[in-house]
Amino acid sequence: MKKNKKFKSRSRDDNKNSPFEDRKKFCPFSQKNSPIIDYKDVKLLNRYISEKGKITPSRITNVSRSKQLELSKAIKRARFLGLMSFTNKHFY
Amino acid sequence: MNNFEAVVLLSPEISSNVRSSCLDFLVKIINEKSGKIINNEDWGLRDISYKIDRYSKAFYNFYQIEIEGDKIESIKKTLNQDENFIRHLFVRVEKHQELPTKLNNEKK
C-alpha cells in the first residue's frame with residue numbers, strides 16, 4: 001500500500017529526464033482530442049507504415065487493439081484507391 | 001436510409017465532355033434508386049501510386065450519398081460494365097464529415 005501511494009504522488013514531469021523513468025505509454029488515437037482515422041487522410045496514415053510500405057505492428061506504435069483494426073482497414077482502403085502504394089521499392 | 005461515401009476513378013484519356021456525362025450518368029443511377037447526393041467534391045487529376053489498367057493518372061471524384069444499403073450492389077454492377085470508370089469504392093459511414101477533406105488541403 002505504501003509503495004502505491006508514493007507512486008501516485010509523483011507527477012509525470014518530475015522524472016521526465018531520469019534514465020530509469022517508467023513513463024506510461026499511451027495510444028495516440030484514444031485520447032480526448034486525437035485525430036479521426038480516415039482513409040482519405042494519407043498524411044496521417046503514412047506515419048504508421050514502414051519504409052517498405054508495410055503496416056507497422058501495434059507493439060511498436062502503441063496503438064490500441066480496436067484502433068489498430070480501424071487503422072489497418074483505412075490503410076487498405078487507401079491502397080485500393082491508389083492514394084498509397086502497396087510497396088515502396090524506390091531505394092533498391 | 002444510410003450514409004455512404006463513394007470515390008470514383010475515371011480514366012485520364014477521355015475528354016471533359018465525356019467525363020461530365022459519365023458523372024451525370026452516375027448521379028442519374030443513384031437518383032433512380034431513390035437515393036440522394038448530399039455533397040460532391042472534385043479532386044482533379046492525381047497520380048496513382050501504381051498502374052491501374054495501364055494508366056498512371058486518374059480523375060478522382062468524391063460523393064456523399066444517402067441511400068438504402070441493398071441498392072448499392074446494383075450500382076456497382078453497372079459501374080463495372082462501363083470502361084471509363086477505372087475503379088470505385090463505396091463505404092458506409094455513421095456520420096458525414098465536413099468538407100473540404102484533408103486530402104485537398106494537403107495538395108495546396
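Predicted model: local features only at pLDDT ≥ 70, side-chain atom pairs only at ≥ 80, totals over all residues.
Let's start with helix H4 of chain A, residues 65–80. On the exposed end of that scale we have Arg65(A) and Ser66(A). And which residues of H4(A) are buried? Those are Gln68(A), Leu71(A), Ala74(A), Ile75(A), Ala78(A) and Arg79(A). They sit on the same side of H4(A), because they cover an arc of only 135° around the axis. Arg65(A) and Ser66(A), the exposed pair, are on the other side.

So what covers the buried residues of H4(A)? Helix H2 (42–45) and helix H3 (58–61), both of chain A, are among the parts that do.

As for its length, H4(A) has 16 residues and reaches 23 Å from first C-alpha to last, close to the 22 Å expected. Just after the helix, have a look at Gly82(A), which takes a positive phi of about 80°.

Okay, over to where the chains meet. Here 12 residues of chain B are in contact with 11 residues of chain A. On the chain B side, the elements giving two or more residues are strand S2 (36–52), strand S4 (85–93) and helix H3 (102–107). The largest share comes from S2(B), with four residues. And what kinds of residues does chain B bring to that side? There are seven nonpolar, two polar and three charged.

That's my bit, thanks!

Terms used: Residues numbered from 1 in each chain as written. Chains lettered and ligands numbered in written order. Expected span 1.5 Å × (residues − 1). Buried ≥ 20, exposed ≤ 12 C-beta atoms within 10 Å, placed from the backbone. Arc of directions from axis to C-beta. Contact = placed C-beta atoms within 7 Å. Nonpolar A, V, L, I, M, F, W, Y, C, P; charged D, E, K, R; others polar.
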